[in-house]
Amino acid sequence: MNAYVTLFARDLKLALRRWSEFATPLIFFVIIASLFPFALSPEAAVLNQAGTGVLWISALLSSLLALDGLFRTDVDDGSMEQLILSPTSLSLLVLAKLCAHWVVSSLPLIAIAPFIALSFYMPVDALATLIVALLLATPTLSVLAAIGAALTVSLKTGGALVGLLVLPLTSPILIFGTRATDMAMNGESAAGPLYLLAALAAFSLSLGPMTAAAALRVSVE
Amino acid sequence: MKEFLAMGGYAVYVWAAYGMTVVVIALNAWAAQRRLRRTLGELKTTAQPEDPARRPTVRKV
Amino acid sequence: MSRWRWFHLLASPPYVYRLAERLAPWIGAASVLALAAGTYGGLVLAPPDYLQGEGFRIIYVHVPSAYIGLMAYVVMASAAACGFIWRIKLAHAVAACTAPVGASFTFLALFTGAVWGKPMWGTYWQWGDARLVSELVLLFLYLGFMLLRSSFDERDKGDRVAAILAAVGVVNVPIIHYSVEWWSTLHQGATMMRLDGPSITLEMLIPLLIMIGAFTLCFAWLILRRLQAEILDRERRTRWVEQLVTGGAS
């Protein structure tokens, strides 16, 4: 547990020092979302209907981009080998890194998302549900992206391949996330999809770090 | 025969589905056979003919 | 020890190569016969469906290919898992051979499903049909597996990394399937027409079973032939392969 806290603090500190690295996906998120009105229509009715999807797709791509380099620097400078050899279980350490990256990449995204939603004419009452849905969905997205990053860490060209491997697996998140948001916009209770998002988060957080750790062991050996 | 080919008005769909099935199975079979033949041929050209001098000698004790 | 002999033999490349060499012609012949019988039964003998008329005959290629597409993924993932856990190289070879075959049958299932959907639903593609959408995701998983495996220079590492991806896919396919199903029931309820009719008579069922058997045999033949090539490729530096290609006694 001690190692977990230390690694979490270290990754957080490193991320804050290299702030441009985690700012890029956020700006990417805002830019993608603001390109959609040009492609669709400036009309409120159209944007209101498409807004949920736009928001979730942008959040998904941005969190994939944010975690692309999750393990790369550690593998390149050799500290990953230290982590693998350490007596603490590698899954726990992977979880620590994931949590640190979630704090620096997903939390700001969730903070920005309501403003994007408002620009797509989403009713203010629905914003709370949107935030809860994003809070429940981003851990699963991070875990999936981390597995993709771990699988491709020893390849020179990871980027596009990670998307190909991970994006099909994110479809349940997209389904439940957009449904929860839509239900809240229509004034219904979004409890159903939110519970399902929570279940997926619990499931992926329990099995995901193990999978990513196994992939790291193979990649680094 | 004509009636059979017409498939009760569904000819396009039925024959497209069966046609694609034939194509996929035939391509698969062709690719598998070709790969085996090529690998065998490639190994035959690279492998040296049995040359007793090249063999590691095993001394009988 | 002797009870497990067959298991050890199945991990031995020369044994499996010769076994495949001996079995493949028989399985290939059986598959051609079964395909012919099933096609005749499906196109000629089976009576037209009272709702879908002659259009339902697409079932005889759609259902078997969908079944092979799914079954091949299970075969591929289990072989990859065996290879990962017990470090059996031959199991990785099986997984590598299964991926392209499974992907092609999954594509066939999507194609025949779309062609069947046009006369029945009025549209080639329906996002609400959980099974079609799951097949599409399955195709993406196959492509990801093949791309990931082939992007590694060291074959061993590619095998092991791709095995992890295959395991992740096995866990995710049911989740994706049920979430799409949940999603589609919210949107269109029970009005959606399913691809298979509610009831199927025996005369319609028998050709279908023959076709499923025929596709399975065809799949087995393809895997055996591909496996032979894969084994030769992986074992190219060994003595038995050298003897095999130069015609020396083994």
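Helices (H or I, at least four residues) and strands (E, at least two) are DSSP runs, numbered from the N terminus. The exercises below use these elements.

The model is predicted, so local features need pLDDT of at least 70 and side-chain atom pairs count only at pLDDT 80 or more, while totals for chains, interfaces and linings use all residues. Residues are numbered from 1 along each chain as its sequence is written, chains are lettered from A and ligands numbered from 1 in the order in which they are written, and side-chain values use heavy atoms, with hydrogens and water left out.

**Exercise 1. Describe the make-up of chain C.**

Step 1. Count the elements: chain C has eight helices and zero strands. From the N terminus on, they run α-α-α-α-α-α-α-α.
Step 2. Take the extent along the principal axes: the C-alpha atoms fill a box of roughly 65 × 40 × 35 Å.
Step 3. Take burial: of the 250 residues of chain C, 53% count as buried.
Step 4. Take contacts, where contact means heavy atoms within 4.5 Å. Among the contacts in chain C with a separation of 6 or more, 74% come from residues 24 or more positions apart.

**Exercise 2. Which chains touch, and how do H2(B) and H4(C) pack?**

Step 1. Two pairs of chains touch, and the pair with the most contacts is B and C. Chain A and chain B are joined by no contact; their closest C-alpha atoms lie 24 Å apart.
Step 2. Helix H2 (residues 11-46) of chain B packs against helix H4 (residues 89-121) of chain C at an angle of about 175 degrees, the axes being 9 Å apart. That angle makes H2(B) roughly antiparallel to H4(C). Axes are lines fitted to C-alpha atoms, for helices over the stretch in contact, and angles run from 0 to 180 degrees between N-to-C directions. Angles under 35 degrees count as roughly parallel, over 145 as roughly antiparallel, 65 to 115 as roughly perpendicular and the rest as oblique.
Step 3. On the H2(B) side the contact includes Tyr13(B), Met20(B) and Ile25(B), and on the H4(C) side it includes Phe105(C), Phe111(C) and Pro119(C). The residues of this contact divide into 13 nonpolar, four polar and one charged. The classes are nonpolar (Ala, Val, Leu, Ile, Met, Phe, Trp, Tyr, Cys and Pro), charged (Asp, Glu, Lys and Arg) and polar (the others, Gly among them).
Step 4. Look at Pro119(C), which is found in helix H4 of chain C. Leaving aside neighbours within four places in sequence, Pro119(C) is in contact with Tyr10(B) and Tyr13(B). Pro119(C) counts as partly exposed, at 23% relative accessibility.

**Exercise 3. Is Thr140(A) buried or exposed, and what does Thr140(A) contact?**

Step 1. Thr140(A) lies in helix H7 (residues 127-151) of chain A.
Step 2. At 5% relative accessibility, Thr140(A) counts as buried.
Step 3. Beyond neighbours within four places in sequence, Thr140(A) is in contact with Ile173(A), Leu200(A), Ala201(A) and Ser204(A).
Step 4. Turn to the helix pair. The axes of H7(A) and helix H9 (residues 171-185) of chain A come within 9 Å and cross at roughly 175 degrees, which makes the two helices roughly antiparallel. Thr140(A) is one of the H7(A) residues in this contact, and Ile173(A) is one of those in H9(A). By class, the contact has seven nonpolar, three polar and no charged residues.

**Exercise 4. Which residues of chain A line the largest cavity?**

Step 1. The lining consists of Phe22(A), Pro25(A), Leu26(A), Ser62(A), Ser63(A), Ala66(A), Ser105(A), Ser106(A) and Leu109(A).
Step 2. By class, these are five nonpolar, four polar and no charged.
Step 3. Helix H2 (19-39), helix H3 (44-66) and helix H6 (90-119) of chain A each supply at least two lining residues. A cavity is a set of points on a 1 Å grid over the protein atoms alone where a 1.4 Å probe fits but cannot get out, and lining residues have an atom within 4 Å of a point.

Definitions and conventions:
1 Å grid on protein atoms, 1.4 Å probe; cavity = no way out; pocket = protein on both sides within 12 Å on 5 of 7 lines; lining within 4 Å. Buried < 20%, exposed > 50% of the residue type's maximum accessible area, 1.4 Å probe, protein only.
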